[in-house]
Structure formats: C-alpha cells, structure tokens
Amino acid sequence: MLELEKRSPLAFAIALKDGRTLETVGDAADYLSALNADQRDRAHWKTAIMMFNNAMREPRYLKIATMNLRSALVYDRVVDDAGV
C-alpha cells in the first residue's frame, strides 16, 4: 500500500453500538472529524487522531492507528463487543 485514500480499508473493522461499522479510512476520518472539542481534548482521542495523521503520511502505521481508534472507542463505551 503506497498511500491511503478514503476508501482504503482499516486494519480491521470496528462495530459500534449504534449499528455503524468503521471499515475504511474515510469512515474513521468522518468519525474523528465529528468529535466535539471536549472529546478532542481527551488523551485517548488525541492519541487516535495523532496516529491517524501519522498513518496518512506513513501507511505502515495504519494497523496501530486502527488499534488506537478502537481503544478510544472502547474508552467511550461505544464499541459493540457482542459476539466477540
């Protein structure tokens, strides 16, 4: 993978409790851009955003960026872990 695009798949899909699934870089970017200022100030979201910015410059970081995104979502209790 030479560069990431909005349609590039994440390292793994992340199911959310609201029924959505984050599957692509575009899904992740949309989710991150919808965070409010309070959320963006929290350490777990700062890390997730930073790692996605790094992955956009260096695609080999996409797996760790996806892991950080999932961790932030877990901290906010929005991941659907039913069936896992």
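This is a predicted model: local features need pLDDT of at least 70, side-chain atom pairs count only at pLDDT 80 or more; totals for chains, interfaces and linings use all residues.

Reader: OK, what does Lys6 form a salt bridge with?

Author: With Asp30; the closest N and O atoms of the two are 3.8 Å apart. Lys6 sits in the segment before E1 and Asp30 in helix H1, so the pair ties together parts that are 24 residues apart in sequence.

Reader: And Asp30, how is it classed for accessibility?

Author: Asp30 counts as partly exposed, at 44% relative accessibility.

Reader: How many salt bridges turn up in the whole structure?

Author: A search of the whole structure finds seven. One of them pairs Glu58 with Arg60, with 3.4 Å between the closest N and O atoms. Glu58 is partly exposed at 31%, while Arg60 is exposed at 64% relative accessibility.

Reader: What about Arg70, which residue is its partner?

Author: Asp81, and there the closest N and O atoms are 2.6 Å apart. Arg70 belongs to helix H4 and Asp81 to the segment after H4, so this pair ties together parts that are eleven residues apart in sequence. Arg70 has 27% relative accessibility and counts as partly exposed; Asp81, at 38%, is partly exposed as well.

Reader: Switching to H4 then. How many residues does it have, and how far does it reach?

Author: H4 covers residues 62–75, which is 14 residues. From first C-alpha to last it reaches 20 Å, close to the 20 Å expected at 1.5 Å a residue.

Reader: Which of its residues are buried?

Author: The buried residues of H4 are Leu62, Ala65, Thr66, Asn68, Leu69, Ala72 and Leu73. Looking down the axis of H4, they fall within an arc of 160 degrees, so they line one face of the helix.

Reader: You mentioned H3. Can you pick a residue from it and show me its contacts?

Author: Take Met51, which is in helix H3. Met51 is buried, with a relative accessible area of 13%. Leaving aside neighbours within four places in sequence, Met51 is in contact with Ile64, Ala65 and Asn68.

Reader: How far is Met51 from Lys63, C-alpha to C-alpha?

Author: Those C-alpha atoms are separated by 9.6 Å, and the two residues are twelve apart along the chain.

Reader: Where does Tyr61 sit?

Author: Tyr61 is in the loop between H3 and H4. At 33% relative accessibility it counts as partly exposed, because that class runs between 20% and 50%.

Reader: Last one: what follows H4?

Author: Arg77 follows H4, and its phi is positive, near 60 degrees.

Technical notes. Residues are numbered from 1 along each chain as its sequence is written. Side-chain values use heavy atoms; hydrogens and water are left out. Helices (H or I, at least four residues) and strands (E, at least two) are DSSP runs, numbered from the N terminus. The expected span of a helix is 1.5 Å times one less than its number of residues. Buried means under 20% relative accessible area, exposed over 50%, partly exposed in between (1.4 Å probe, protein chains only). The arc is that of the directions from the helix axis to the C-beta atoms. A salt bridge is a side-chain nitrogen of Lys or Arg within 4 Å of a carboxyl oxygen of Asp or Glu. Contact means heavy atoms within 4.5 Å.
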